Amino acid sequence: MARNPLGKSFGLLRWMLENDHESVGVRPAAKALGLTPSGAHRLMHGLVEEGFLQREEGDTGRYMLGIEMMLMAQRASSKWPMRNVALAPMREMAESCQEAA
């Protein structure tokens, strides 16, 4: 886990995305990321303030990805089309198989 708060914040978001967590509590997040519960809570609270996380409705104490996270991901994907990412590896694979791309 990164030592700086920004790295920890991105680590938390990455962990939530990679593990398909719809919502998480502070303690499970802290344990998974090697943080203290108070440290995880501070990160999560900061991410809520910026819109990257939101608290679940009710008094569950759980957090889920926020609208700003979704909007940023959408904006990034529209600026970097999958075709551009995949084209070079696909051409290399086609050449190695002696097929037309």
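Helix axes here are lines fitted to C-alpha atoms over the stretch in contact, with angles taken between N-to-C directions. In this predicted model, helix H2 (residues 26-33) packs on helix H3 (residues 37-49) at an angle of about 110°, and the two axes sit 8 Å apart. Since angles of 65 to 115 degrees count as roughly perpendicular, H2 is roughly perpendicular to H3. On the H2 side, the contact comes from Val26, Arg27, Ala29 and Ala30, while H3 brings in Pro37, Ala40, His41 and Met44. Sorted by class, that makes 6 nonpolar residues, 1 polar and 1 charged.

Then there is the sheet. It is an open one, built from 3 strands in the order E1-E3-E2, with antiparallel pairing. Strands E1 (24-25) and E2 (53-55) take the edges, and each has a single partner strand, so one side of each goes without a neighbour in the sheet. E2 pairs with strand E3 (residues 62-65) over 3 bridges, in the antiparallel sense. Gln54 can be found opposite Met64 of E3. Helix H1 lies across E1, E2 and E3, and runs at about 85° to E3.

H1 spans residues 5-18 and includes Ser9. With a relative accessibility of 13%, Ser9 counts as buried, because the cut-off for buried is under 20%. Leaving aside residues up to four places away in sequence, Ser9 touches Leu43 and Leu47. As for Gly51, it lies 42 residues from Ser9 along the chain, and their C-alpha atoms are separated by 13 Å.

Terms used. Residues are numbered from 1 along each chain as its sequence is written. This is a predicted model: local features need pLDDT of at least 70, side-chain atom pairs count only at pLDDT 80 or more; totals for chains, interfaces and linings use all residues. Side-chain values use heavy atoms; hydrogens and water are left out. Axes are lines fitted to C-alpha atoms, for helices over the stretch in contact, and angles run from 0 to 180 degrees between N-to-C directions. Helices (H or I, at least four residues) and strands (E, at least two) are DSSP runs, numbered from the N terminus. Angles under 35 degrees count as roughly parallel, over 145 as roughly antiparallel, 65 to 115 as roughly perpendicular and the rest as oblique. Contact means heavy atoms within 4.5 Å. Ala, Val, Leu, Ile, Met, Phe, Trp, Tyr, Cys and Pro count as nonpolar, Asp, Glu, Lys and Arg as charged, and the others, Gly among them, as polar. Buried means under 20% relative accessible area, exposed over 50%, partly exposed in between (1.4 Å probe, protein chains only). Two strands pair if DSSP finds at least two bridges between them.
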